[in-house]
Amino acid sequence: MIIGTGVDIIEVARVKAAVGKWGSSFLKKVFTEKEIKYSNKKRFVYQHLAARFATKEAVLKAFGGGWSRTLPWKDVEVINNKDGKPEIKLHREAKKLYDRKGIEKIIVSMSHTKEHAVANAILVKE
Ligand SMILES: CC(C)(COP(=O)(O)OP(=O)(O)OC[C@H]1O[C@@H](n2cnc3c(N)ncnc32)[C@H](O)[C@@H]1OP(=O)(O)O)[C@@H](O)C(=O)NCCC(=O)NCCS
């Protein structure tokens, strides 16, 4: 049973500008080491970072709120499996929320172009 969905779109230039303005403090606040490493290996680094940003927002939107502080970006980590398919690994507050809501699976998908990155997330409870 689907118990929540979330979608998000972001301009790649916004993420690039944030990195330009705040540098590694922005990167380290929003992205995990694995996400940064994955994106840095790609030709269009900011598209991959923006897609991860959109995915985190889509997952948090699907949860529908419930976290106590500012959005816990790093609590939602995107990891690509061996086929390149993005999967979600939750940490800390987001993991607690996931357990509390009895969610059993999160399905995400993302896409990115030069200008935009888009992502959607689906929460499943069997
Ligand atoms: C998945 C695929 C359709 C992506 O389409 P695209 O138009 O090139 O690129 P998009 O911007 O729309 O999407 C890219 C995102 O798709 C996702 N993606 C990649 N491989 C995927 C897969 N196997 N399943 C689901 N999603 C996948 C990733 O999240 C990727 O972004 P990321 O690298 O930042 O994580 C394309 O890469 C493809 O056809 N992959 C098939 C790979 C495959 O089957 N290989 C095995 C034998 S050939």
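Which helix is Arg100 found in? Arg100 belongs to helix H5, which spans residues 92–101.

1. Basis of the model. The structure is a predicted model, in which local features need pLDDT of at least 70 and side-chain atom pairs count only at pLDDT 80 or more, while totals for chains, interfaces and linings use all residues. Residues are numbered from 1 along each chain as its sequence is written.

2. Arg100. The C-alpha atom of Arg100 is separated by 24 Å from that of Ala119, which is 19 residues apart from it along the chain.

3. The sheet. An open sheet is formed by 3 strands in the order E1-E5-E4, with antiparallel pairing (two strands pair if DSSP finds at least two bridges between them; helices, H or I of at least four residues, and strands, E of at least two, are DSSP runs numbered from the N terminus). Strand E1 (2–11) and strand E4 (105–112) stand at the edges with a single partner strand each, so one side of each has no neighbour in the sheet. E1 is joined to strand E5 (residues 116–124) by 9 bridges, and Gly6 stands opposite Ala121 in E5.

4. Helices on the sheet. Helix H1 (residues 12–22) packs on the sheet and touches E1, E4 and E5, its direction making about 70° with that of E1. Helix H4 (residues 45–63) lies across E1, E4 and E5 and runs at about 145° to E1. Contact here requires C-beta atoms, placed from the backbone, within 7 Å; axes are lines fitted to C-alpha atoms, for helices over the stretch in contact, and angles run from 0 to 180 degrees between N-to-C directions.

5. H1 against H4. These helices pack at an angle of about 100°, with their axes 9 Å apart, which makes H1 roughly perpendicular to H4 (65 to 115 degrees; under 35 is roughly parallel, over 145 roughly antiparallel, and the rest oblique). Val12, Val15 and Lys16 of H1 meet Tyr46, Gln47, Leu49, Ala50 and Phe53 of H4.

6. The ligand. Its surroundings include His48, Asn80, Asp83, Lys85 and Met110 (a residue is near if its C-beta atom, placed from the backbone, lies within 6 Å). H4 and E4 are the elements that give two or more residues to this shell, and E4 provides the largest share, 3 residues.

Conventions: Two residues are in contact if their C-beta atoms, placed from the backbone, lie within 7 Å.
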